[in-house]
Amino acid sequence: MIVSTTDGPVTTIELAREAKRNALDYDMLRDLSQAFTDAVDAGARVIVLTGRGTVFSAGADLSGPVYDPEFPERLVAVIEQIEKTPVPVIAAVNGPALGGGLQLAMAADLRVMAPEAIAGIPAAKIGVALDEWTIRRLVSLVGGGPARGILIGCEPISADRAYDLGFANKIGDLADAAHWASTIAGFAPLTLRHYKMVLTGDGARDEAPADRHDAMIAAWTSDDAKEARRAREEKRFPVFTGK
């Protein structure tokens with residue numbers, strides 16, 4: 001479900017679970033983590049992350065482990081690994097990037113979005129909540145107002161809107177991302193590593209206050225989260241009660 005290819009100093013890592021819209025499960029997260037480790041160990045100077053097919057990633061697999069208490073922790077660990085990868089990472093967002101898929105794109109240093117791509121976080125529709133890093137990084141990338149619309153309003157943004165906000169660095173396809181990666185691979189690695197460390201030191205990794213962490217856990221373990229899961233299985237809209 002993860003495919004890696006190398007072209008000189010550039011490694012491209014593809015999420016390759018097209019039948020499930022590249023939705024994330026435990027196996028994908030394990031293999032994605034290993035792919036990043038292998039790329040760095042092999043001497044990649046730039047890594048491009050993309051989705052195979054027409055979707056970047058639909059996020060966590062709602063028919064699988066998304067409601068398991070350990071799954072958010074596994075996803076956060078992989079996101080942190082991508083963020084700390086010592087070489088530039090470009091997300092080639094070839095289609096919808098939703099929930100966990102958008103989180104992966106947010107962990108990258110640069111984003112190239114296809115014209116038809118959208119980005120969104122519909123967590124409030126399924127009764128779960130996101131970690132502190134995701135919320136803070138989203139504000140850092142798009143600004144407070146747009147972040148509120150994405151999170152509270154569950155409103156996705158188009159590629160053009162993402163570019164206007166500065167979330168997308170370029171509008172283009174995988175070939176455009178690969179060409180940019182090839183150019184960046186010729187730049188001074190130690191300079192890029194320093195820039196990456198400073199730019200990701202935006203406070204998003206600061207420890208969350210206990211009450212905010214407890215609020216996140218309360219959402220994941222709530223009756224509302226269970227109701228959302230039942231509603232999906234029964235093909236109906238969930239009815240939330242705030243419990």
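Where is the place of T85? In this predicted model, T85 sits in the loop between α2 (70-84) and β4 (89-93). T85 is buried, because its relative accessible area is 4%, below the 20% cut-off. A polar atom of the T85 side chain lies 2.9 Å from the backbone oxygen of Q81. Beyond its neighbours within four places in sequence, T85 is in contact with F36, V40, I47 and K196.

The chain is divided into two domains. Domain 1 covers residues 2-173, and domain 2 covers residues 208-242. Their C-alpha centres lie 22 Å apart. The contact takes 16 residues from domain 1 and 13 residues from domain 2. The size of an interface is often given as the accessible area lost when the parts come together. Here, domain 1 and domain 2 bury about 1,200 Å² between them. Of this area, 60% is on carbon and sulfur atoms. On the side of domain 1, Y67, A129 and E132 lose the most area to domain 2. Together they account for 39% of what that side buries.

Polar and charged pairings also cross this interface. One salt bridge is found between domain 1 and domain 2. Two residue pairs are in polar contact across the interface, both at pLDDT 80 or more. The residues of domain 1 that touch domain 2 divide into nine nonpolar, three polar and four charged. The side chains of E132 and R212 meet in a salt bridge, at 2.5 Å from N to O.

E132 also belongs to helix α4, which spans residues 132-142. Buried residues in this helix are E132, W133, T134, R137, L138, L141 and V142. At the start of α4, a side-chain oxygen of D131 comes to within 3.2 Å of the backbone nitrogen of W133. Just after the helix, G143 takes a positive phi of about 100°.

The structure holds 16 salt bridges. Side chains of opposite charge can pair when their charged atoms come close. One of these bridges joins D61 and R17, at 3.1 Å from N to O. D61 lies in the loop between β3 (46-51) and α2, and R17 in the loop between β2 (10-15) and α1 (26-41), so the pair ties together parts that are 44 residues apart in sequence. Both partners are buried: D61 has a relative accessible area of 6%, and R17 has one of 14%.

R74 pairs with E70, the closest N and O atoms being 3.6 Å apart. The two residues are four places apart in α2, so about one helical turn separates them. An α-helix has 3.6 residues a turn, so residues three or four places apart point the same way. R74 counts as partly exposed at 42% relative accessibility. E70 is also partly exposed, at 46%.

Another bridge connects R205 and E83, at 2.7 Å from N to O. This pair links distant parts of the chain, 122 residues apart. R205 lies in the loop between α8 (189-200) and α9 (210-220), whereas E83 is in helix α2. R205 is partly exposed, at 32% relative accessibility. E83 is buried, with a relative accessible area of 5%. The pair is part of a network of salt bridges that links E83, R137, D202 and R205. Of these residues, R137 is among those buried in helix α4.

How values were computed
Residues numbered from 1 in each chain as written. Predicted model: local features only at pLDDT ≥ 70, side-chain atom pairs only at ≥ 80, totals over all residues. Heavy atoms only, no water. Buried < 20%, exposed > 50% of the residue type's maximum accessible area, 1.4 Å probe, protein only. Polar contact = N/O pair within 3.5 Å; in protein donor to acceptor, adjacent residues only side chain to side chain. Domains from an automatic or database assignment. Contact = heavy atoms within 4.5 Å. Buried area = accessible area lost by both parts, 1.4 Å probe. Salt bridge = Lys/Arg side-chain N within 4 Å of Asp/Glu carboxyl O. Nonpolar A, V, L, I, M, F, W, Y, C, P; charged D, E, K, R; others polar.
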